[in-house]
Amino acid sequence: MKPTTIEELNELRAWFNSQELPATMYIDKATYTPNLRETIDMLFDQSYLYYENPKMQGSILLLRRIKANIEKEK
């Protein structure tokens with residue numbers, strides 16, 4: 001996975017801010033969140049701290065999975 005730029009992270013945050021989010025979500029078959037908005041906020045907190053470190057981009061990967069799930073449901 002290539003490192004994410006701050007601009008890409010800001011675009012991702014803007015996308016989430018413009019969406020009507022479900023309250024809960026199975027991000028994948030092993031990952032469930034009972035409060036999606038809170039989870040997204042925490043993932044962004046971590047993403048902004050570590051976006052330049054390729055080994056710490058798991059939070060960005062989860063945000064992209066959540067986005068893909070939301071787009072798939074539309």
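This is a predicted model: local features need pLDDT of at least 70, side-chain atom pairs count only at pLDDT 80 or more; totals for chains, interfaces and linings use all residues.
User: Where is glutamine 19 placed?

Analyst: Glutamine 19 sits in the loop between helix 1 (6-17) and strand 1.

User: Is glutamine 19 buried or exposed?

Analyst: Buried means under 20% relative accessible area, exposed over 50%, and partly exposed in between (1.4 Å probe, protein chains only). Glutamine 19 has a relative accessible area of 15%, so this residue is buried.

User: What does the side chain of glutamine 19 reach?

Analyst: Look for polar contacts, pairs of N or O atoms within 3.5 Å; within protein, one must be able to donate a hydrogen and the other to accept it, and residues adjacent in sequence count only if both atoms are side-chain atoms. The side chain of glutamine 19 reaches the backbone oxygen of tryptophan 15 at 3.4 Å. Another polar contact, of 2.5 Å, joins the side chains of glutamine 19 and lysine 74. For contacts in general, the test is heavy atoms within 4.5 Å. Leaving aside neighbours within four places in sequence, glutamine 19 is in contact with Ile70 and Lys74.

User: How many salt bridges does the structure hold?

Analyst: Side chains of opposite charge can pair when their charged atoms come close. We call it a salt bridge when a side-chain nitrogen of Lys or Arg is within 4 Å of a carboxyl oxygen of Asp or Glu. The structure holds three. In one, aspartate 28 pairs with arginine 65, with the closest N and O atoms 3.2 Å apart. This pair links distant parts of the chain, with aspartate 28 in strand 1 (residues 25-28) and arginine 65 in helix 3 (residues 58-73), 37 residues apart. Aspartate 28 is partly exposed at 24% relative accessibility, and arginine 65 is partly exposed at 35%.

User: Which salt bridge involves aspartate 41?

Analyst: Aspartate 41 meets arginine 37 (3.6 Å, N to O). Both lie in helix 2 (residues 36-50), four residues apart, about one turn of the helix. Lysine 67 also forms a salt bridge, with glutamate 71, the closest N and O atoms being 3.9 Å apart. Those two are four residues apart in helix 3, so about one helical turn separates them.

User: Which residues of helix 2 are buried?

Analyst: They are Leu36, Thr39, Ile40, Leu43, Phe44 and Ser47. Seen down the axis of helix 2, they fall within an arc of 135° (using directions from the helix axis to the C-beta atoms), so they line one face. These buried residues pack against helix 1, strand 1, strand 2 (31-33) and helix 3.

User: Which residues have the most contacts inside the largest nonpolar core?

Analyst: In soluble globular proteins, nonpolar side chains tend to be buried together. A nonpolar core is a set of buried Ala, Val, Leu, Ile, Met, Phe, Trp, Tyr and Cys residues joined through side-chain atoms within 4.5 Å. The largest here has 15 residues, and those with the most contacts inside it are Phe16, Met25, Ile40, Phe44, Leu63, Ile66 and Ile70. Helix 1, strand 1, helix 2 and helix 3 each supply at least two residues of this core. Not counting residues up to four places away in sequence, isoleucine 66 touches Phe16, Met25, Ile27, Leu36, Ile40 and Leu43.

Notes:
Residues are numbered from 1 along each chain as its sequence is written. Side-chain values use heavy atoms; hydrogens and water are left out.
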